[in-house]
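Q: Hi! I'm new to this one and would like a friendly tour. Could you show it to me?

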Amino acid sequence: MSSMSSEVLGVESRIAFIGLGHMGGPMAANLVAAGYPVTGFDVVPAALDAAAAAGVEVAESAAAAARGAAVIITMLPAGKHVFAAFEGDGPGGGLLAAAKPGALFLECSTISVEDARAAHQMVVASGHRGLDAPVSGGVVGAEAGTLTFMVGGSEEDFAMGAAIFDVMGKRIVHCGGPGAGQAAKVCNNMILGVSMIAVSEAFVLGEKLGLTHQALYDVAANASGQCWSLTTNCPVPGPVPTSPANRDYQPGFAGALMAKDLGLAVEALNATGVDAVMGRTAEEIYREFALGGGAGTDFSGIINTIRHASHRTD
């Protein structure tokens, strides 16, 4: 294993942040605000500009950002992007070769459990430490520093990253060994997708039965129907003023991301042989939602699809 101390990493530790989009950008900004020196890279120029404005030192490549860094955080779209960043085929090679010997890799992307375990093996084989640490909480949580981190890896590596996680998140859960963080994320988001469909169907039914949105909310939010999809991300405007429904369903958590995460859940269901009718159905619904124009809107916009289908007469 690496020669790096197992002590908690302090604010003197330089951090490389790869992937400065809607989630990664605010996370990196919070680290800068907490006093960490952060060097970042993203393939999107606008993301680099926003990060620079927040105090992130911008690098010309991912490898350049990682060179000499004690911590490397990746927030990328899919497993293939993580592998490409780790191995690298451009100038300076990949993150694994560029990082300080014994660096701690915090892989915060949402990828499959199998990909997370493979990524961990790559990290360890290169003489580094690694944690899979996907997040929940969306853009609002990233900006506020209140994300939930679901972490997989050793107890020692988890302890090393504790101070860094505390800057970006409010709840940090060590879920088990390598891949366990992604496993928890897949299960959580399957619940989320199913529950949002159920809440949306209930509101459309309430509309048909003459209930106001507020009346249904006041009952369900204080009864057995209470859930995050209702009380935080309510799919109708009014009852929860901060929900995306009040902003014409601007994400938030985009429909394309929910479709992606439910796709990962179905991969896991197939691999394990779990009989999950609701999870599979939710994946079909959100895949069609994303392909049908909902990819860039909040996933709670599924209520409009349900309304449309409910008004058909055929």
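Q: Let's start with Phenylalanine 299: buried or exposed?

A: Phenylalanine 299 is buried, because its relative accessible area is 0%. Here buried means under 20% relative accessible area, exposed means over 50%, and partly exposed is in between, using a 1.4 Å probe and protein chains only.

Q: What kind of model is this, by the way?

A: This is a predicted model, where local features need pLDDT of at least 70, side-chain atom pairs count only at pLDDT 80 or more, and totals for chains, interfaces and linings use all residues. Residues are numbered from 1 along each chain as its sequence is written, and side-chain values use heavy atoms, with hydrogens and water left out.

Q: Okay, aromatic pairs next. How many are found in the whole structure?

A: A search of the whole structure gives six. Rings of Phe, Tyr and Trp (its six-membered ring) pair if their centres lie within 6.5 Å; planes under 30 degrees apart are stacked, over 60 edge-to-face, and the rest tilted.

Q: Why is the pair of phenylalanine 149 and phenylalanine 165 tilted?

A: Their planes are at 50°, so the pair is tilted, and the ring centres are 5.0 Å apart. This pair links distant parts of the chain, 16 residues apart: phenylalanine 149 is in strand β8 (residues 147-152) and phenylalanine 165 in helix α9 (residues 162-168). Helices (H or I, at least four residues) and strands (E, at least two) are DSSP runs, numbered from the N terminus. Both phenylalanine 149 and phenylalanine 165 are buried.

Q: And how are the rings of tyrosine 286 and phenylalanine 299 placed?

A: Their centres are 6.2 Å apart and the planes are at 45°, so this pair is tilted. It also joins distant parts of the chain, with tyrosine 286 in helix α14 (residues 277-294) and phenylalanine 299 in the loop between α14 and α15 (302-310), 13 residues apart. Tyrosine 286 is buried, with a relative accessible area of 0%.

Q: Which residues do ring pairs link into a cluster?

A: Those are Phe253, Tyr286, Phe289 and Phe299.

Q: New topic: the backbone. Where is aspartate 248, and what is its phi?

A: Aspartate 248 lies in the loop between α12 and α13. Its phi is positive, about 55°, although aspartate 248 is not a glycine. Most residues other than glycine have a negative phi, and most peptide bonds are trans.

Q: What about tyrosine 249? Buried or exposed?

A: Tyrosine 249 is buried, with a relative accessible area of 9%, whereas aspartate 248 is exposed at 64%. Tyrosine 249 also has a positive phi, near 65°.

Q: Last one: is the peptide bond from proline 251 to glycine 252 cis or trans?

A: That bond is cis, with omega near 10°. Glycine 252 sits in the loop between α12 (228-231) and α13 (255-272).
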